[in-house]
Amino acid sequence: MTQDVGDFRRLAAAEARAGRVYPPLILTDKRSWPRGTRRATGRLVRALDALLRSDMTIEGEHWLTPVD
């Protein structure tokens, strides 16, 4: 999981070009997920928990969305 979308997309693209398997990317953005507050951390944990409990198969990249 990262907010560093540009760098991780480049790394994933390089792995794909080389024919290697890479883990899915869970992406966040600074607007939806501001750093540095307890509330933001709790929201992030709840969203990750909901994602992991879902039946969704994560492949490639997935933008994490708040659940509250």
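In which helix does Arg43 lie? Arg43 lies in helix α2, which covers residues 38–53. The legends below describe a predicted model, in which local features need pLDDT of at least 70 and side-chain atom pairs count only at pLDDT 80 or more, while totals for chains, interfaces and linings use all residues. Residues are numbered from 1 along each chain as its sequence is written, and side-chain values use heavy atoms, with hydrogens and water left out.

**View 1. Overall layout of the chain.** The chain has two helices and two strands, and their order along the sequence follows the pattern α-β-α-β; helices (H or I, at least four residues) and strands (E, at least two) are DSSP runs, numbered from the N terminus. The C-alpha trace spans about 40 × 25 × 15 Å along its principal axes. Of the 68 residues in the chain, 22% are buried, where buried means under 20% relative accessible area, exposed over 50% and partly exposed in between (1.4 Å probe, protein chains only). Among the contacts in the chain with a separation of 6 or more, 53% come from residues 24 or more positions apart, a contact being heavy atoms within 4.5 Å.

**View 2. Arg43 and the ring of Trp33.** Arg43 lies over the face of Trp33, at 5.0 Å from the ring centre; a charge sits over a ring if NZ of Lys or CZ of Arg is within 6 Å of the ring centre and within 35 degrees of the ring normal. Arg43 counts as buried because its relative accessible area is 12%. Not counting residues up to four places away in sequence, Arg43 touches Ser32, Trp33, Pro34, Pro66 and Asp68.

**View 3. The largest pocket.** The largest pocket has a volume of about 180 Å³. On a 1 Å grid over the protein atoms alone, a pocket is an open set of points where a 1.4 Å probe fits, with protein on both sides within 12 Å along at least five of seven lines, and lining residues have an atom within 4 Å of a point. Grid points are joined across faces, edges and corners, and the volume is the space filled by probe spheres set on the points. The lining includes Met1, Gln3, Thr28, Trp33, Arg35 and Leu44. The lining residues divide into five nonpolar, five polar and one charged; Ala, Val, Leu, Ile, Met, Phe, Trp, Tyr, Cys and Pro count as nonpolar, Asp, Glu, Lys and Arg as charged, and the others, Gly among them, as polar.

View 4. Gln3 lies in the segment before α1 and counts as buried because its relative accessibility is 16%. Leaving aside residues up to four places away in sequence, Gln3 touches Thr28, Asp29, Lys30, Trp33 and Arg35. Thr28 is placed in the loop between β1 (25–27) and α2, and Thr28 counts as buried because its relative accessibility is 5%. With the residues up to four places away again not counted, Thr28 touches Met1, Thr2, Gln3, Val5, Trp33, Leu44, Trp63 and Leu64.

**View 5. Phe8 on helix α1.** Phe8 is found in helix α1, residues 5–17, and counts as partly exposed because its relative accessibility is 35%. Leaving aside its neighbours within four places in sequence, Phe8 is in contact with Thr2 and Leu25. Phe8 and Tyr22 are 14 residues apart along the chain, and their C-alpha atoms are separated by 11 Å.
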